[in-house]
Amino acid sequence: YEIDITKSFSAAIDDISDVQFSLDLEDEALYFVKESDGIYHLYDGKETAEKVNYVNVSSQGKLIIKGLDAKSYVLTERKTMPGYNLMRDNITINLYQDNQENGTLSGATIQSDNDKLIDIVNGLEQGQVNIAIKNNETITSLHTGGQGLNYGELIIGLTMLLASLVGFGYVRFGHKYHG
């Protein structure tokens with residue numbers, strides 16, 4: 001069986017081949033052999049080709065992983081493009097088969113750590129699960145922390161506030177304000 005992933009971003013990027021994933025069983029790391037750009041198959045333990053644990057998408061964002069059994073796999077994004085967030089959660093991909101001889105999947109589901117289970121229907125007759133993943137840009141937030149409270153800056157700030165209030169006539173010293 002195979003998993004066919006299409007990776008994209010919120011903005012167009014010419015080459016995203018640095019994006020990297022791992023696909024493992026829930027309790028075991030898996031290794032793969034690269035066939036070509038973005039296409040890998042499960043390492044069988046007897047091959048002389050170099051085995052890898054992380055797989056990269058093609059420059060256009062395609063990743064195909066072949067030679068999988070009907071089991072539960074965990075997909076983790078390990079590296080993404082600069083300025084973008086990694087996937088928040090891993091994705092669990094479950095492959096089910098009733099009849100191994102015909103090469104089709106009887107079912108497949110995907111689920112991220114905090115989302116509901118989604119049934120996959122397209123591609124099962126070809127023994128394939130198709131997944132699309134889109135990354136969003138990194139959210140920049142205000143920086144907090146630092147040296148803490150600086151009393152000199154606090155006194156200057158309060159003095160400036162008091163002076164501006166006096167200047168606008170909201171506070172008068174020694175005189176009763178009559179509007």
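Strand 11 gives the most to the lining of the largest pocket, with five residues. Strands here are DSSP runs of E, at least two residues long, numbered from the N terminus. A pocket is an open set of points on a 1 Å grid over the protein atoms alone, where a 1.4 Å probe fits, with protein on both sides within 12 Å along at least five of seven lines; lining residues have an atom within 4 Å of a point.

Before going on, keep in mind that this is a predicted model, with local features needing pLDDT of at least 70 and side-chain atom pairs counting only at pLDDT 80 or more, while totals for chains, interfaces and linings use all residues. Residues are numbered from 1 along each chain as its sequence is written, and side-chain values use heavy atoms, leaving out hydrogens and water.

Back to the pocket: the largest one holds about 350 Å³ of space, a volume being what probe spheres set on the points fill, with points joined across faces, edges and corners. Its lining has 18 residues, and Met87, Asp89, Ile91, Ser112 and Asp115 sit closest to the centre. Strand 9 (107-112) and strand 11 are the elements that give two or more residues to this lining.

Look for Tyr40, which stands opposite Ile65 in strand 6.

Note on methods
Two strands pair if DSSP finds at least two bridges between them. Helices (H or I, at least four residues) and strands (E, at least two) are DSSP runs, numbered from the N terminus.
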